[in-house]
Amino acid sequence: MEKLPDPAAGLPDLTYTADCRARVAFEVLANRWDSVVVFTLGVTGPMRPRALVARIGGISPKVLNEALRRLEYNGLVERHAYAEAPPRVDYALTEAGTALLTPMRAMGAWAAQYADGVLDAQDRYETR
């Protein structure tokens, strides 16, 4: 990330501009299921897709497959295929995926504290 400007110098803070690298982190987990998959693999360790579907609940195999492909594309998950009959595949977090768990836990703590207020604000907005 670029160096933050000195606020005392009167320069604007460009940390979250269109070309800022911090946006990559937000975009990587913008999909509804990607963060759930990352967190589940962080808690359980490597898992097979069928076990992930069962553990997560509410996600279809197709949607899980799409999430796993996105996460693999973004370097957060590794796919391990085993030469067995029947074929076996499991998924595990990469170093980058594991490192993402810390900020995800911080976001979870934020949500625990502020989610009710956010939902209340959404309700108030919709009833105006």
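Angles between axes under 35 degrees count as roughly parallel, over 145 as roughly antiparallel, 65 to 115 as roughly perpendicular and the rest as oblique. Axes are lines fitted to C-alpha atoms, for helices over the stretch in contact, with angles from 0 to 180 degrees between N-to-C directions. Helices (H or I, at least four residues) and strands (E, at least two) are DSSP runs numbered from the N terminus.

The model is predicted: local features need pLDDT of at least 70, side-chain atom pairs count only at pLDDT 80 or more, and totals for chains, interfaces and linings use all residues. Residues are numbered from 1 along each chain as its sequence is written, and side-chain values use heavy atoms, with hydrogens and water left out.

**Exercise 1.** Determine how the axes of helix 2 and helix 3 cross, and which residues make the contact.

*Solution.* Step 1: the axes of helix 2 (residues 34-44) and helix 3 (residues 49-56) come within 11 Å and cross at roughly 105°. Step 2: the two helices are therefore roughly perpendicular to each other. Step 3: V36, V37, T40, L41, V43 and T44 of helix 2 meet L52, R55 and I56 of helix 3 (contact means heavy atoms within 4.5 Å). Step 4: by class, this contact has six nonpolar, two polar and one charged residues; Ala, Val, Leu, Ile, Met, Phe, Trp, Tyr, Cys and Pro count as nonpolar, Asp, Glu, Lys and Arg as charged, and the others, Gly among them, as polar.

**Exercise 2.** Describe the packing of helix 3 and helix 4, including whether the crossing is left-handed or right-handed.

*Solution.* Step 1: helix 3 and helix 4 pack at about 110°, and their axes are 10 Å apart. Step 2: helix 3 and helix 4 are therefore roughly perpendicular to each other. Step 3: their crossing is right-handed; a crossing is left-handed if the near helix is turned anticlockwise from the far one by less than a right angle, and right-handed if clockwise. Step 4: P49, L52, V53 and I56 of helix 3 touch P61, L64 and L68 of helix 4. Step 5: these residues divide into seven nonpolar, no polar and no charged.

**Exercise 3.** Repeat the analysis for helix 2 and helix 6.

*Solution.* Step 1: the angle is about 115°, with the axes 11 Å apart. Step 2: that makes helix 2 roughly perpendicular to helix 6. Step 3: the crossing of helix 2 and helix 6 is left-handed. Step 4: the contact joins S35, V38, F39 and G42 of helix 2 to L101, M104 and R105 of helix 6.

**Exercise 4.** State the volume of the largest pocket and the classes of its lining residues.

*Solution.* Step 1: on a 1 Å grid over the protein atoms alone, a pocket is an open set of points where a 1.4 Å probe fits, with protein on both sides within 12 Å along at least five of seven lines; lining residues have an atom within 4 Å of a point. Step 2: the largest pocket holds about 320 Å³, a volume being the space filled by probe spheres set on the points, which are joined across faces, edges and corners. Step 3: helix 1 gives the most to the lining, with four residues. Step 4: the lining has eleven nonpolar, one polar and no charged residues.

**Exercise 5.** Identify which residues a cis peptide bond joins.

*Solution.* Step 1: the cis bond joins A85 and P86, with omega about 0°. Step 2: P86 lies in the loop between strand 1 (77-82) and strand 2.
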